[in-house]
Amino acid sequence: GRLHRRGAHRAGIQRQRRHGIRGLALADCFRLELNLIHGCFAQGDFVEGIRALIVDKDNAPRWNPPSLVQVTDASVAAFFAPRWTPPEHPLRHL
């Protein structure tokens with residue numbers, strides 16, 4: 001199913017993302033997206049998906065966590081955690 005293809009955090013990330021961008025300026029949306037991308041790489045599921053689909057082609061990703069019941073608000077929030085202070089952000093000049 002969908003969980004097998006996308007990982008357990010996907011639904012929580014999408015929900016938080018929809019609520020988090022309301023009212024943001026376009027530049028702030030880009031900054032949020034960059035933080036999210038870095039969070040996805042840091043958490044490891046993005047790389048695991050690449051491994052399962054492209055590298056090993058076993059179509060058997062080992063998601064972390066393996067089920068929705070193990071996803072917490074804190075684990076979803078970690079994807080959105082700022083990676084830079086505002087003056088250091090790579091997109092600070094937008």
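Of the contacts between residues at least 6 apart in sequence, 64% join residues at least 24 apart, a contact being heavy atoms within 4.5 Å. The protein has five helices and zero strands, and its elements run α-α-α-α-α from the N terminus on. Helices (H or I, at least four residues) and strands (E, at least two) are DSSP runs numbered from the N terminus. This is a predicted model, in which local features need pLDDT of at least 70 and side-chain atom pairs count only at pLDDT 80 or more, whereas totals for chains, interfaces and linings use all residues. Residues are numbered from 1 along each chain as its sequence is written, and side-chain values use heavy atoms, with hydrogens and water left out.

**Overall dimensions and surface**

- The C-alpha trace spans about 40 × 25 × 20 Å along its principal axes.
- The accessible surface comes to about 6,500 Å², and carbon and sulfur atoms account for 61% of this area; accessible areas come from the Shrake-Rupley method with a 1.4 Å probe, and for residues only the protein chains shown count as cover.
- Of the 94 residues, 27% count as buried. Buried means under 20% relative accessible area, exposed over 50%, and partly exposed in between (1.4 Å probe, protein chains only).

**Nonpolar surface patch**

- A nonpolar patch on the surface is formed by Ile37, Phe41, Phe46, Val47, Ile50, Leu53, Ile54 and Val55, which together have about 750 Å² of accessible area.
- Patches are made of residues with over 30% relative accessible area and no salt bridge; like charges are joined within 9 Å, and nonpolar side chains (Val, Leu, Ile, Met, Phe, Trp, Tyr) within 5 Å. A salt bridge is a side-chain nitrogen of Lys or Arg within 4 Å of a carboxyl oxygen of Asp or Glu.
- Helix 3 (26-43) and helix 4 (45-55) each supply at least two residues of the patch, and helix 4 gives the most, with six residues.
- Leu53 lies in helix 4 and counts as exposed, at 54% relative accessibility.

**Aromatic pair**

- The structure holds one aromatic pair. The ring centres of Phe41 and Phe46 are 4.7 Å apart and the planes stand at 55°, so the pair is tilted.
- Rings of Phe, Tyr and Trp (its six-membered ring) pair if their centres lie within 6.5 Å; planes under 30 degrees apart count as stacked, over 60 as edge-to-face and the rest as tilted.
- Both partners are partly exposed: Phe41 has a relative accessible area of 44%, and Phe46 one of 42%.

- Ala52, in helix 4, is buried with a relative accessible area of 0%.
- Leaving aside neighbours within four places in sequence, Ala52 is in contact with Lys57, Asp58, Asn59, Ala60 and Pro61. Ala52 and Arg62, ten residues apart in sequence, are 8.2 Å apart from C-alpha to C-alpha.
- Asn35, in helix 3, is buried with a relative accessible area of 10%.
- Not counting residues up to four places away in sequence, Asn35 touches Phe79, Phe80, Ala81, Pro82, Arg83, Trp84 and His89.

**Cysteines**

- The structure holds zero disulfides, a disulfide being a pair of cysteine sulfur atoms within 2.5 Å. Cys29 is in no disulfide, and the nearest cysteine sulfur, that of Cys40, is 16 Å away.
- That distance is too far for a bond between the sulfur of Cys40 and that of Cys29.
- Cys29 counts as buried at 17% relative accessibility, whereas Cys40 is partly exposed at 23%.
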